[in-house]
Every structure is written in C-alpha cells, then in structure tokens.
Amino acid sequence: MMAQYLGIKNQYPDMLVFYRMGDFYELFFDDAVKASRLLGITLTTRGQSAGEPIRMAGVPYHAAEQYLAKLLKLGESVVVCEQIGDPATSKGPVERQVTRIVTPGTLTDASLMDEHRDVLLLALCPGKDGIGCAWLNLSAGRFTITKIPQTEISSLLARLRPAECLLPEGFTLEFSGPVKRLAEWQFDPARATRDLARQFNMQDLGAFDVADLPDSIAAAGVLLDYVKQTQKTALPHLQGLTVERESAYVRLDTATRRNLELTETLRGEPAPTLLSTINTTVTAMGSRLLRHWLHHPLRDRQALHARLNAIETLAEDTPLVRNLIAHLRECADIERIAGRCALKTARPRDLSALRETLARLPEIQPLLTDALGSLRASLAPLPEIHELLVRAILEEPASVIREGGVIALGFDAELDELRALTDNAGAFLIELETRERERTGIPSLKVEYNRVHGFYIEVTHAHVEKIPGDYRRRQTLKNAERYITPELKAFEDKALSAQERALAREKFLYEGILDALLPHVPQLLETAAALAELDVLTSQSLRLREQNWMLPEYVDAIGIDIRAGRHPVVEAQTAQFIPNDTQLSSARQMLLITGPNMGGKSTYMRQTALITLLACCGLPVPAEAARIGPVDQIFTRIGASDDLAGGRSTFMVEMTETAHILHHATRESLVLLDEIGRGTSTFDGLALAWAVAKHILTETGALTLFATHYFELTQLAQQHKQLANVHLDAKEHGDDLVFLHAVEDGPASQSYGIQVARLAGVPSKVIAAAKRRLKELEDAQIQRGPQADLFVEPEESMPESHRDELKEALAAIDPDELSPKEALEELYRLVLLNKERTR
C-alpha cells in the first residue's frame, strides 16, 4: 500500500495528497506534518519506512470539504486520491486513482468558493517588449488574454486579484498568493496555438486577431494545459478567447484602486466600500458582475449608453422592477452550476436548483420590453433542459449521488423495479413475522434487520424448544437467539443485491444526465450572464427613484461638470451630507484646494473621482447632474503610507506615485493630488509641490484636484488662468470648531491646525504652548514685513551676463531624465548660482 502511495506522491511532489483509506483521507510523511500544523489535526506514527516510523494524519472523508477549504485559503493545492477497486475482491492493495486536483485558481465547488468574487487563474509570459497575460475563470468558462508593459503588472494584479499565478522559472513577481513555477519551454507560442485551436475546434486562431500577441498565446496555452491536468476531464465550456485591449478601459493604477476603496477598505476589509454601498443585487452572479464593472470602467460610450438606457427604461416602471427582483431572488447561481456541469462535477442539488431557475425564465422574459431586447433574447426559455430535469431529478434530491435518492420515480423502469424490491421489504417482513408466529406459536417472535448481521428472526430463550427444524442459528445474545431461514436468506440476498444495484443504476443514470446537459452549457452560460446583468440593472434603477441619484451625461469636450455631487460611501455613513459642485475643463484645468484638516478636502476629491468612475461604468451617480467628457485614466496620490518591506519611506512612496502620474497622465486624465511634499522639510516640500503643479499646468494638461496646506501655492492662479483656488472653510464657535464642508471660491484664510489638534485630544498644556509659539512667529513675521512670493522673480534688475549664465544652466537640464531627488539637487544648484552672482 505504501509503495502505491509513494508512486502517486512522486507525481505530485509539491502538493498535499489526500489518500483514501476506508472512511478517512490519510496524509503521510512530510504531508502529514504540514497538514497537522495547518489544520490542527493529530499527528501519529504507524509502521516503519527505511527504519523510521511513518508519520500520518487523517481527516474523515465526509468532512473533507471543510479541510480542503481551509488548505486552499492558505494557498495549498491538494491531490485527491480515491479507492476505485473493491476491497472485497482485491488480492493486493485496493486500486486507487487521482480523481481531482484542487488548486486555489481552479476551484469550482460551491463549498470552497466565495460566491461574491470570481476565482481567476493567471499566467504570465515575459517577452521582449512586454508581458503576455492570460487568465481564466474556470467556473464561467471565460478565457481572456492581453499584453502589458512590465511596469503595469502591479496594476493588473490589483484589478484581477488572481487566486493563483503560473510563472516561468526565474521570473520574479511581487505576489502574495500561491505561485506555480513551470519550465520556460512550456511557454511555447507554437505549441499553445495548436492546443488552443484544437480546444476551440478551429483550424487556427485567426478569428481572434492575436497574431501580434505570441507571448499572451503562450501564457494561454500554459493555462489550458494546467487546467486539463488538474480537472482530469474535457473542458467543453472553453470555446474561445477574449482579447482585452488597453484602450477599452479607463485605466486605474494600484494606488487609485486602493485609495478610492472600490471593493476593499484601506484596512483590507470588505466594507464600507463603494461596492458594499451600491450593491443591492439579489443574486451572487449580479454581485460578481457589479464588482467586475467597478474594476473595469469603460471608454466605449456606446456600451455605456446601452447600460444607462436600460436603467432608465426600468426606472420608469417601479412595479415591474419589483416583480423582476422577486423572480431574480429565487434564481440560483447557474453560472457556476453550468461550469460544474461542463466539468461533470455538478451535484444533485445543483441540478434541482438549475431546474427551479429555468422554470422562472418563461415568467421573466415576457416582462422585458423591446428596449431590453438583447437581454430578452438571452433569457429565452430552455424547455428541453427544463423538461429533462423535471423528469429526471427528484423534487428534493439527496446532496450526493452516492447516497441514492436523486433520480425521480418513473424516469427509468429498471431503477423503479430495483427500488420496489427494497421499498417492499418492510411489508414482506411484517407478513413473514405474522406467519412465523402462527407456525411456531411464539407470540414474541420478531423479524428484524441490522447492517452487521442482515435479516434475522429473534426468539427469546424461553421459547427455544418451539424452534422449527429449518431455523439456522445466526447469533446468540444474553436473553435471545437469532435465526435465519431459507426463505429469509433468499429474500435477504435479493433485497440487499437490489439496493446495491439500485445505487449503481442511479449513478449510471446521473452521469447520463450530465452528458445530456453538456451541449447546452453555452446556452446556460449565456442565460447566466443575462440574469446577472438584469440583476445589476434592476437594482441600480431603484437607486434613481429611491436615493436621488441621477444618470450621467457624456460629452465630447474634455471636462467634468458635477452639480451637487456627494460621496456615496460617506453619505451612507452620515446623517447629513453637504453636496458640492466640481467644474473642470480646458479653461479650468486645476482646482487648488486649501482648508483645514478634517475640513473635507480628501472627501471632496474622492467623490469627484468616484462619480467619474461610476459614470464610466454606465451607472447612476450621487449628484443632481454630471456631465463627463472623455476620460482615459484616473490617478490618485492620497494619504500617507510607507513600504517597510520594500525599503521605501513614506516620502519615497509619495514621490514614486507622483512620478508615475507625471509620466503617464494625459489631457484626458483625472488626477487627485493630496498634500504633495508634506513628507519632507517645508521648503523642499513647497518647492516640489510648486514644480509638480506647474508641470501639470504647462506640460501634462490633466484635469487635476490639488489639495495643499502650502498657502504660497495659491499665487499660481495669478500666473496660470487655468488654475482656480477653492477652499473648504471652518468657523470657531467659542472653543469649538465647526467644519462647514462646503467648497467655496478663493483660498482659505487659515488652517486651524491647533484647533484640530485639540479636537484630537492633544494635552491642553501642549495646545497652550503651541498657541504662544504661533503668536511669537506671527509677531516676528509682522516685524519683518510680509513674506515675498517665493515663486515670483524680484523686481530689481539682474545683470545680463548673470541672466545668460542662468539660462545656459537651465538649458543644460533635461527634466525628463531627472529623478525627483536629482531635480531637487538641480534646483538647489540654480538657487546657489543665483545667490553667488547677485552678491
């Protein structure tokens, strides 16, 4: 037996092997030690191997799913090895076979998956001019490829959140999840093309227009091969590739997804987030689709108009929407059920749930108007599948096929006959007991059954002398004897055989039903996609009527015009929210936002980004009106965080994110910058903030919200007419500070830093000392006279020779080649040169 185990284990050295032995899955050697530690199960020893005790640990087979779920959550992969031979007839070890391989990225079992999140398997193949990417949602049969620059890998990981990654050996990746390393030769575009064409039943991949994506095809080929190995079955629901082009989506980098808290808070929690706030879907499919939309805002205005038109149509008839939602609430997750049907792993209750959902389609489809034509077509009833499931599956089937009780009465005559033999056993035993009492004259005689001894006739010792000659003793008890007769033995053989044959017949019929469903899997997946979209659209249509949200309007001119905008998450958490307008355009390109801490600057900036994002998802927005021009990217530099593991300080992280924005933002980008330069000395930070703002105004041209406490930056409005100063104010009321949260034109009058510190609980002695020091600094400033503008050239004339020397020094600088630190050094050098020449 151990030789058999080691032969299987050698094929899967990096996975845990669940080896079936009777009612347990056993793990041996290092697998047992690891499982004991991860699962908290008992580690024991038994026998010896090479002179050492064999370490082992086990889990009950009927509870295996919960242990699998825990291991998968910890990033482990598990090989499940089942007994396929009959212990009663096996002369040596019972024959065993690997029946499935469960990895974090290939989950399809409902008990192992989060119903609100897609499970994605990602493969990356580095090439000469970028990274080929392919990812697969196995349960839904969605296969996608793209190509990205290497610098965009972190953004891709943040968008997809893959459950598992396949990488070539030697390729490094900052990814905290499970990684499977494969030999580089496996990433072969030619081989992958042949394998994919064979899978899709095509001559080649020309129909997908992927000739320019060999590295992505290589990654897709590796994915296909890996999934075939793990699933041990055909993959009929994988019927094509989707090619994702970068221009299709509004780009969101990793920092933006984190700062806007789309689906996860900054603390890593699922709520409160944008998704948790707006997700009122009633199906798991709809919840997953809404999550996908939020992470994939579109640039295609035609697709966005289609979504908005559908929402508007539904919003006009609230009773209809309520009716649709009632039907949708009863729909099962048929997307994942269809995936399990394709893999032939669907359980009986999957099929009964599918049957009940298909029964809803004839009621849902007529409710959809012509304006929802595409959904109406995709939700056409599927009578052939429904009728099969009605005839074949019991109303309430058993949870697993091995227990029987799944196939409906009347579906198969042979099964009905075998069941009748078993079901009629009770009546036969009662009749036999009555006859034997009359024949023997023993009133206490009983005919019974147990699993150990089968059928028997029980007689107490007081009546042993009345036992007929054809009774054969089967078991002796303290107060009774148990017998078997030729008639009862014949019935036992027939009844027990019928039960075994009925279970085997039922399993055979069930596999036939799964085979019959295979050709219909694509239709089921199309129906699932339509139900998910209808769920999202109906839930969002209610938001228009019940929460005072509006449909956005799309315009061709660059700009963002929001009237009475609100932050959707903050509004849901507070009793009263102050709405604010936002106007950005080519003539009003940057808003320089000043005001006190806690005054609402960050909230105002984030709400602008979230409203823009929702508009680019084709969803209602929390505003009285929103007119959105073309948007290609949304960038945010908000908050303070360090990267200790990567050896980067808070300021370094800030500068890295700022540099990324300056290199990639365009005139159609929305940029949010919060307190640039605060992580270093005052003059360094002020100089950098000024330079960044100046660069965006004169070079990048992006629509920008720039929050700062450097009041000196407000002077930029005098030099650049496309910059407008706005502020959020506060009022002192006695010792209290009241934040008004309303955005007003012009710069703020003061920062209220000491008052905010008092609200935060800073000791009163420290507050008093700070007030005294502030008074001293203000008095000193008055004595010296007002501070000159740091960024305006002095009025006194400079000798022409000095001007020429400074111009030459400036001309020698290539700003595109400078790091932030080098730029700062050059700035200091120019200042020093100017001082030396003007002494």
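The model is predicted.

**Stop 1: a seven-stranded sheet**

Start with the open sheet of seven strands, ordered β13-β23-β24-β25-β21-β26-β27. Its pairing is mixed.

Now zoom in on β23 (residues 633–637) and β24 (residues 669–674). These strands run parallel, and five bridges join them. Pick Thr-636: its bridge partner in β24 is Leu-672.

Helix α22, residues 601–616, lies across β13, β21, β23, β24, β25, β26 and β27. It runs at about 160° to β24.

**Stop 2: the end of a helix**

Select residues 682–700, which form helix α24, and find Glu-699 in it. Is Glu-699 buried or exposed? It is exposed, because its relative accessible area is 57%, and the cut-off for exposed is over 50%. Glu-699 and Thr-666 are 33 residues apart in sequence, and their C-alpha atoms are 9.2 Å apart in space.

**Stop 3**

Select residues 480–484, strand β17. Five of its five residues are buried, so the strand is largely enclosed by the rest of the structure. Look at both faces. Ala-480, Arg-482 and Ile-484 are buried on one side, and Glu-481 and Tyr-483 are buried on the other.

Which strands pair with β17? One is β15, residues 454–460, antiparallel to β17 over four bridges. Within this pair, Val-459 stands opposite Glu-481. Another is β16, residues 472–476, also antiparallel to β17 over four bridges. Here Arg-472 stands opposite Ile-484. Follow the chain from β16 to β17: a hairpin of three residues joins them.

**Stop 4: strand β19**

Move to residues 559–565, strand β19. Colour β20, residues 580–585, which pairs with β19 in the antiparallel sense over five bridges. Gly-559 has Ser-585 of β20 as its bridge partner. Then colour β22, residues 625–628, which runs antiparallel to β19 and is joined to it by four bridges. Arg-563 has Ala-625 of β22 as its bridge partner.

Stay in β19 and pick Ala-564. Its phi is near 50°, a positive value in a residue other than glycine. Ala-564 is buried, with a relative accessible area of 11%.

**Stop 5: two packed helices**

Select α18, residues 425–440, and α19, residues 486–517. Their axes are 12 Å apart, at an angle of about 175°. The two helices are therefore roughly antiparallel to each other. Show the side chains at the contact. From α18 come Ala-425, Phe-428, Leu-429, Leu-432 and Arg-435, and from α19 come Glu-487, Leu-488 and Phe-491. Six of these residues are nonpolar, two are charged and none is polar.

**Stop 6: helix α20**

Select residues 521–546, helix α20. This helix has 26 residues. From first C-alpha to last it reaches 38 Å, close to the 38 Å expected. Of the 26 residues, 19 are buried, so α20 is largely enclosed by the rest of the structure. Just after it, Asn-548 takes a positive phi of about 60°.

**Stop 7: around helix α13**

Select residues 348–358, helix α13, and pick Arg-355 in it. At 4% relative accessibility, Arg-355 counts as buried. Beyond its neighbours within four places in sequence, Arg-355 contacts His-386, Leu-389, Val-390, Ile-393, Leu-394 and Glu-395.

Step back to Lys-344, in the loop between α12 and α13. Its phi is near 60°, positive although the residue is not glycine. Lys-344 is partly exposed, at 34% relative accessible area.

**Last stop: a cis bond**

Finish at Pro-272, in the loop between α7 and α8. What kind of peptide bond joins Ala-271 and Pro-272? The bond is cis, with omega about 0°.

Methods
Residues are numbered from 1 along each chain as its sequence is written. This is a predicted model: local features need pLDDT of at least 70, side-chain atom pairs count only at pLDDT 80 or more; totals for chains, interfaces and linings use all residues. Side-chain values use heavy atoms; hydrogens and water are left out. Axes are lines fitted to C-alpha atoms, for helices over the stretch in contact, and angles run from 0 to 180 degrees between N-to-C directions. Angles under 35 degrees count as roughly parallel, over 145 as roughly antiparallel, 65 to 115 as roughly perpendicular and the rest as oblique. Contact means heavy atoms within 4.5 Å. Ala, Val, Leu, Ile, Met, Phe, Trp, Tyr, Cys and Pro count as nonpolar, Asp, Glu, Lys and Arg as charged, and the others, Gly among them, as polar. Two strands pair if DSSP finds at least two bridges between them. The expected span of a helix is 1.5 Å times one less than its number of residues. Buried means under 20% relative accessible area, exposed over 50%, partly exposed in between (1.4 Å probe, protein chains only).
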